[in-house]
Amino acid sequence: KDVFVESILAFPYNWSAWLDLAEICIENTVIHDDVERALESLTDSWMYLFFLIHVFCEQQQNDQALQVIDRVSLLFPNSNYLKAQTALAYYNLRDFDRAQEQFLELCERDPFRLEMIDIFSNILYVKESKAELSALAQSVISVDKYRPEVCCIVGNYYSLKGNHGKAVQYFQRALKLNRKFLSAWTLMGHEFVEMRKTSAAIEAYRRAVDINARDYRAWYGLGQVYEILNMLLYALYYYRKAAALRPYDARMWCALGSCFLSLDRRQEAIKSYERAIVTNDRENIATRKLAKLYREEGENEKAARCYQRLVSGSGNEDALDAAEAEAFLFLAQYMKDSGNFDVATVYCSRLLEFPGPEKDEAKALLRDIRSRRIAIGS
């Protein structure tokens, strides 16, 4: 650390020294204050700000990274590096639309740039944009088909088409070009999971964490594989590793909650799902699980709050799914038992168009509410 700091102070524009110092800071967070004090004379330097962006992105502190990028962008408004780091930060935040916008702008600026472009293909894969991913694959192949990034993009394209064997071939080709190309190991692990080749998946994910122990995707993948193998204590260990790296990612806490539930550790499962809700449970997985757990524990008030959160985005004209129908029925029953007949009636009315047993139960509840109102009136 001291040698790198000395080198940077002597010549602040040696980016290699900054990168090596960043690696030490990321691995040993207790030295952050010492490094900051040692580099105090450079805190206003744009090189120091670039260093902060790199460290924040590596540590998944993406909001802080975006704040620093906004500052540096005033000095370098046309920097492709800053544009790529902005896209990476949004990708890590799972804001795929904004990340895609940044990558599209980057491709327009420099259509021959291949660094980090494999992350763009990950975004298109998640969004299931087959046409865009196909166009990207064709574009990068014409630039340089012997780059590991390009092989990973083509692998993602075949994976999205469901051709997992072909995808593995391209990820293996990427690894022949660069044995330490992290994304290829992780993506190949995902493919082996799809192919139910658990031993090969474990080997691929282990190679990934050997290269970079901060790759939460590989730790999460190991947890999934061991959960498939019903080796739940192993799965729990790896999910905890992933959650430690991504404490603000609801998916990590949902995975932990599922694992605790399978181990019949219900209170720990409840805490995990509660943490998932706090960390923006976009798909409402934790909300549904938690509502069910609260019901089984007899905590109807907490269950009602979860169900209200679940149905809060449901418009009056929207068709209900099974989970929402269950939520409306529970809320109707809960409000009726609480004496709040008007709200219970509203919840029941939402079920009258639902083609399931909940519709008949809602009608029975409405009859019961009318009877109680008559009894109260008399």
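Leaving aside neighbours within four places in sequence, with which residues is S183 in contact? The contacts of S183 (contact meaning heavy atoms within 4.5 Å) are with D118 and R217. The model is predicted, so that local features need pLDDT of at least 70 and side-chain atom pairs count only at pLDDT 80 or more, while totals for chains, interfaces and linings use all residues. Residues are numbered from 1 along each chain as its sequence is written, and side-chain values use heavy atoms, with hydrogens and water left out.

S183 belongs to helix α12 (residues 182–194); helices are DSSP runs of H or I of at least four residues, numbered from the N terminus. With a relative accessible area of 13%, S183 is buried, a term that denotes under 20% relative accessible area with a 1.4 Å probe and protein chains only. The side chains of S183 and D118 form a polar contact at 3.4 Å, that is, a pair of N or O atoms within 3.5 Å, of which one must be able to donate a hydrogen and the other to accept it, residues adjacent in sequence counting only if both atoms are side-chain atoms.

D118 is also one of the α8 residues that meet helix α10. Helices α8 and α10 (residues 148–160) pack at an angle of about 10 degrees, with their axes 8 Å apart; axes are lines fitted to C-alpha atoms over the stretch in contact, and angles run from 0 to 180 degrees between N-to-C directions. The two helices are therefore roughly parallel to each other, the class for angles under 35 degrees. On the α8 side the residues include I117, S121 and Y125, and on the α10 side they include C152, I153 and L160.

Helix α6 (residues 80–92) has 13 residues, which at 1.5 Å a residue should span 18 Å, in agreement with the 18 Å between its end C-alpha atoms; the expected span is 1.5 Å times one less than the number of residues. Of these 13 residues, 11 are buried, among them L82, Y90 and N92. The elements covering them include α4 (46–58), α7 (96–109) and α14 (216–228). At the N-terminal end, S79 caps α6 through a side-chain oxygen 3.4 Å from the backbone nitrogen of Y81. R94, with a positive phi near 65 degrees, follows α6.

Definitions and conventions:
Buried < 20%, exposed > 50% of the residue type's maximum accessible area, 1.4 Å probe, protein only. Parallel < 35°, antiparallel > 145°, perpendicular 65-115°, else oblique.
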